[in-house]
Amino acid sequence: ISGIVLSTLKDYNLTRLTDPIIIQTFYIEDLIRMRRLGTQLRLFALITSNHVNESSTDYNYYQSESGIRDLSKIVQAVAPDYQLVVHFDNRGMILGPTNLTRWAHHYNLSVYPY
């Protein structure tokens, strides 16, 4: 589907980083494929937990520092489940950012939790 999406957007002259398009998916392999196909569009990696079985993507890897570092070469932002962005206490109060958030910022990625 990656090629079809990019071809359709190209038909509408939507190919540049500054165009009002963001492509985001849970299937990070598609984002890698799109970047290899040469797209300059903004790509966001949706991140969840492996137990959700959203796709065959290994989300544990993409929650690690090396995974975030690798993503930073492909995407402009990560969009993780909100529970992966900050630590909560047992009352639901925010204690502070997770390593995923720190690493994303360190590698110049924006973070857009859902």
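Q: Happy to start with a charged pair. Which residue forms a salt bridge with Asp-19?
A: That would be Arg-16, and the closest N and O atoms of the pair are 3.1 Å apart. Keep in mind that this is a predicted model.

Q: And Asp-19 itself, buried or exposed?
A: Asp-19 counts as buried because its relative accessibility is 7%, under the 20% cut-off.

Q: How many salt bridges does the structure hold?
A: The count is 4. One of them joins Asp-30 to Arg-33, with 2.4 Å between the closest N and O atoms.

Q: Where do Asp-30 and Arg-33 lie?
A: Both are in helix H2, 3 residues apart, which is about one turn of the helix. Asp-30 is buried at 12% relative accessibility, while Arg-33 is partly exposed at 39%.

Q: Which side chain does Lys-73 meet in a salt bridge?
A: Lys-73 meets Asp-70, at 4.0 Å from N to O. Here Lys-73 is exposed, with a relative accessible area of 61%, and Asp-70 is partly exposed at 29%.

Q: Why would such side chains pair at all?
A: Side chains of opposite charge can pair when their charged atoms come close.

Q: What about the charges over the whole chain?
A: There are 10 positive and 10 negative side chains, and the centres of the two sets lie 7 Å apart.

Q: Let's zoom out. How many helices and strands are there?
A: You get 5 helices and 6 strands. Along the sequence they run α-β-α-β-α-α-β-β-β-α-β.

Q: And what box do the C-alpha atoms fill?
A: Roughly 50 × 30 × 25 Å along the principal axes. Of the 114 residues in the chain, 40% are buried. Among contacts with a separation of 6 or more, 56% come from residues 24 or more positions apart.

Q: Okay, a loop now. Where is Thr-48?
A: Thr-48 sits in the loop between strand E2 (42-47) and helix H3 (59-62). It counts as buried because its relative accessibility is 5%.

Q: What is Thr-48 in contact with?
A: Beyond its neighbours within four places in sequence, Thr-48 is in contact with Phe-26, Glu-54, Tyr-59, Gln-63, Leu-84 and Tyr-114.

Q: Which residues other than glycine have a positive phi, including any in that loop?
A: Asn-53 is one of them, with phi at about 60 degrees, and Asn-53 lies in the loop between E2 and H3. Asn-108 also has a positive phi, near 60 degrees, and belongs to the loop between helix H5 (99-106) and strand E6 (110-111).

Q: Are those asparagines buried or exposed?
A: Asn-53 is exposed at 63% relative accessibility, and Asn-108 is exposed at 69%.

Q: Last topic: which residues make the nonpolar surface patch of about 300 Å²?
A: Tyr-82, Phe-88 and Ile-94 make that patch. Tyr-82 comes from the loop between strand E3 (77-80) and strand E4 (86-88), and at 44% relative accessibility Tyr-82 is partly exposed.

Notes
Residues are numbered from 1 along each chain as its sequence is written. This is a predicted model: local features need pLDDT of at least 70, side-chain atom pairs count only at pLDDT 80 or more; totals for chains, interfaces and linings use all residues. Side-chain values use heavy atoms; hydrogens and water are left out. Helices (H or I, at least four residues) and strands (E, at least two) are DSSP runs, numbered from the N terminus. Buried means under 20% relative accessible area, exposed over 50%, partly exposed in between (1.4 Å probe, protein chains only). Contact means heavy atoms within 4.5 Å. Lys and Arg count as positive and Asp and Glu as negative; His and the chain ends are not counted. The place of a charge is taken as NZ of Lys, CZ of Arg, CG of Asp or CD of Glu. Patches are made of residues with over 30% relative accessible area and no salt bridge: like charges are joined within 9 Å, nonpolar side chains (Val, Leu, Ile, Met, Phe, Trp, Tyr) within 5 Å. Accessible areas come from the Shrake-Rupley method with a 1.4 Å probe; for residues, only the protein chains shown count as cover.
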